[in-house]
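Let's take a walk through a protein model together.

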Amino acid sequence: AKSGGYTVPMPLVLGAMAADGSAETLAVLEEFGDRVGLAFARRDDLLGILGEPAQTGKPQGEDIRDRKPTVIRALGEAAGLRWPTGDDTDDVQAGRLVDRLRAAGVITQVEDLIAEQVDAAIALTTHPAIDPDARDGLAAAAELLAWRPA
């Protein structure tokens, strides 16, 4: 249900359908899109707590204050970190939690999850069902979506 689920795989599959792509091509592009979509969603989770407001257009730490159910929160809670529960969570409290998330290795874990999905997606671009002329563009799109600053 995350934004990556409809942001990446569906446009790829629809484009391939419009180009009369084979069932095998559609399947590979869907898997590629699913993996890039997961990386996109994980990046979105990181941007929700670490992103620069001037780039993201939202306050830093907003997802902490909103107690948004993200992979960061799940990993943080699994590491024994407590998420703020009050509606009055301020920037200082959110910043402290981010520091604890970093110290516990949660931010690195999420970055690693993103890298794993991108690597798996890029590996799919070498599948015989993918047009060789499309491989570089697909790989570049995966990198761009996964490592975007906003």
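First, some ground rules. This is a predicted model, so local features need pLDDT of at least 70 and side-chain atom pairs count only at pLDDT 80 or more, while totals for chains, interfaces and linings use all residues. Residues are numbered from 1 along each chain as its sequence is written, and side-chain values use heavy atoms, with hydrogens and water left out.

Let's begin with helix 8, which covers residues 106-124.

Which residues of helix 8 are buried? They are Val106, Ile107, Val110, Ile114, Gln117, Val118, Ala121 and Leu124. Seen down the axis of helix 8, these buried residues fall within an arc of 120°, so they line one face of the helix. (Buried means under 20% relative accessible area, exposed means over 50%, and partly exposed is in between, using a 1.4 Å probe and protein chains only; the arc is that of the directions from the helix axis to the C-beta atoms.) There is a simple pattern to keep in mind here: an α-helix has 3.6 residues a turn, so residues three or four places apart point the same way. The cover over the buried residues of helix 8 includes helix 3, helix 6, helix 7 and helix 9.

Now turn to helix 9. Leu138, Ala139, Ala142 and Ala146 are its buried residues. Viewed down the axis of helix 9, they fall within an arc of 100°, so they line one face of the helix. On the other side of helix 9, you'll find Asp133, Asp136 and Leu144 exposed. The buried residues of helix 9 pack against helix 2, helix 3 and helix 8.

Zoom in on alanine 142, which sits in helix 9. Is alanine 142 buried or exposed? Its relative accessibility is 0%, so alanine 142 counts as buried. Setting aside neighbours within four places in sequence, alanine 142 is in contact with Phe32, Val36, Val118 and Ile122, where contact means heavy atoms within 4.5 Å. Alanine 142 and glycine 33 are 109 residues apart in sequence, yet 8.6 Å apart in space, C-alpha to C-alpha.

Next, the charges. Side chains of opposite charge can pair when their charged atoms come close. How many salt bridges does a search of the whole structure find? The search finds eight, a salt bridge being a side-chain nitrogen of Lys or Arg within 4 Å of a carboxyl oxygen of Asp or Glu.

One of them joins arginine 35 and glutamate 31, at 3.5 Å from N to O. Both residues lie in helix 3 (residues 23-50), four residues apart, or about one turn of the helix. Another salt bridge joins glutamate 111 and arginine 43, at 3.0 Å from N to O. Glutamate 111 lies in helix 8 and arginine 43 in helix 3, so this pair ties together parts that are 68 residues apart in sequence. Arginine 43 is buried, at 8% relative accessible area, whereas glutamate 111 is partly exposed, at 26%.

Aspartate 44 and arginine 148 also form a salt bridge, at 3.6 Å from N to O. Aspartate 44 lies in helix 3 and arginine 148 in the segment after helix 9, so the pair ties together parts 104 residues apart in sequence.

Finally, look at two loop residues. Most residues other than glycine have a negative phi. Aspartate 20, in the loop between helix 2 and helix 3, has a positive phi near 60°. Arginine 67, in the loop between helix 5 and helix 6, has a positive phi near 50°. Aspartate 20 is exposed, at 69% relative accessible area, while arginine 67 is partly exposed, at 26%.
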